[in-house]
Amino acid sequence: MVEIRAMKKSEADEVKKMGRKTFEWFEGLFIPEPKDCFVAVEENKIIGAVLYKYFSVANKKIGYVDFIFVDKAAHGKGIGSKLVDHSLEAMGKEDCDGYSALVRDDNVGSWKMFVNQGLQRVGLDDLVRVFGVLGMLNLTFKIPFNFATGMDFYLKMEADKLSMKKRNSFFQAFKYLILTALLLSPGFIHGIENALYIIAPITAIILIRIAFGYLGTLFSNENWHFRVCDGGYFIPFIASFFNGIFLISGNWYPKVYRKEPDFKHSLGFTALAQWMSLITIILITKTQLGQTQFLGIMGEMSAFIMMISIVPFYPLASFGGKRIFEWNKWLYSIVVFISFNILFLY
């Protein structure tokens, strides 16, 4: 029998250690000392926990689910959902005006728990509409949102229902291009010509990558849409100040997630198609066409993005590496081998 109860102060260290063990090493570094927390206990052993907190935004009290984790041996028992239910119920008793959470893009198990409780995936434009520009900035800097590449923000407001706009893939792809250009704009401090030689090739690479990804979706029976993950804007913005490059995450996502093996094939094949787009660009730049400065820069940047796109763990998992890794580990090994060899030859 699993019991859900408030954490005792003496259990804080145990909960923190369990969280760091459950998450990938990078995410685990950000698990704070538990304060407001519910734990799942079975046979006097903690097998799961949810950490939550409160903050004020635009004169509204917002509850935020900070971390939720369950021991792998206890997966499939609905413990995560029970922990979320208890945390949201506790927030309701504290007269919260809204409830929120930050969830990784493909982590369907986590975001379904919040969707079932009425939370919706929202973008920056939705947050501006609800809290205003200053409120949006205040909120996103109170949580890891601005640094969390590939993360989506979920929100539910008590006073009114969020009127979510239908966003088609064309709009989202256009938004992805515009946001990428804006986040690279601090590069203008290093000179107009320098900035244009970064923004234009990156935009071209993204367009090609989106197109190859779309072709990859045609080889599956899933219903796909393209969307931008609204987390992680701050890193590429700061990187551009130092004449560096980093990207926000935009990808093709199925409208319905399934657990069948062929679904992993669909995700993995689409990611593979996007990786192949980068290989294609790099190989073209090795021909006579690559003698032009623009294509030469595209090749260099594609090599960098290629290496990002094969990393299978957070914070770079949303660029496709994790999808290929979970689909076929042997194929993933070949992709890594080819990528490093091309990088060496380049």
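**Note on the nonpolar cores and aromatic pairs**

1. Beyond its neighbours within four places in sequence, Leu83 is in contact (heavy atoms within 4.5 Å) with Ile4, Phe38, Val39, Ala40, Gly48, Ala49, Val50, Ile68, Phe69 and Val70. The model is predicted: local features need pLDDT of at least 70, and side-chain atom pairs count only at pLDDT 80 or more, whereas totals for chains, interfaces and linings use all residues. Residues are numbered from 1 along each chain as its sequence is written, and side-chain values use heavy atoms, leaving out hydrogens and water.

2. Leu83, Leu127, Phe131, Leu139, Phe153, Ile202 and Met306 touch the most other members of the largest nonpolar core, which has 97 residues. Such a core is a set of buried Ala, Val, Leu, Ile, Met, Phe, Trp, Tyr and Cys residues joined through side-chain atoms within 4.5 Å; buried means under 20% relative accessible area with a 1.4 Å probe, protein chains only.

3. The whole structure holds 18 aromatic pairs (rings of Phe, Tyr and Trp, the last by its six-membered ring, with centres within 6.5 Å; edge-to-face if the planes are over 60 degrees apart). Phe145 and Phe153 form an edge-to-face pair, with ring centres 6.0 Å apart and planes at 90 degrees. Phe145 is buried at 0% relative accessible area, and Phe153 is buried at 0%.

4. Phe226 and Trp252 are also paired edge-to-face, with centres 5.4 Å apart and planes at 75 degrees. Phe226 is buried at 1% relative accessible area and Trp252 is buried at 8%.

Methods:
Buried means under 20% relative accessible area, exposed over 50%, partly exposed in between (1.4 Å probe, protein chains only). Rings of Phe, Tyr and Trp (its six-membered ring) pair if their centres lie within 6.5 Å; planes under 30 degrees apart count as stacked, over 60 as edge-to-face and the rest as tilted.
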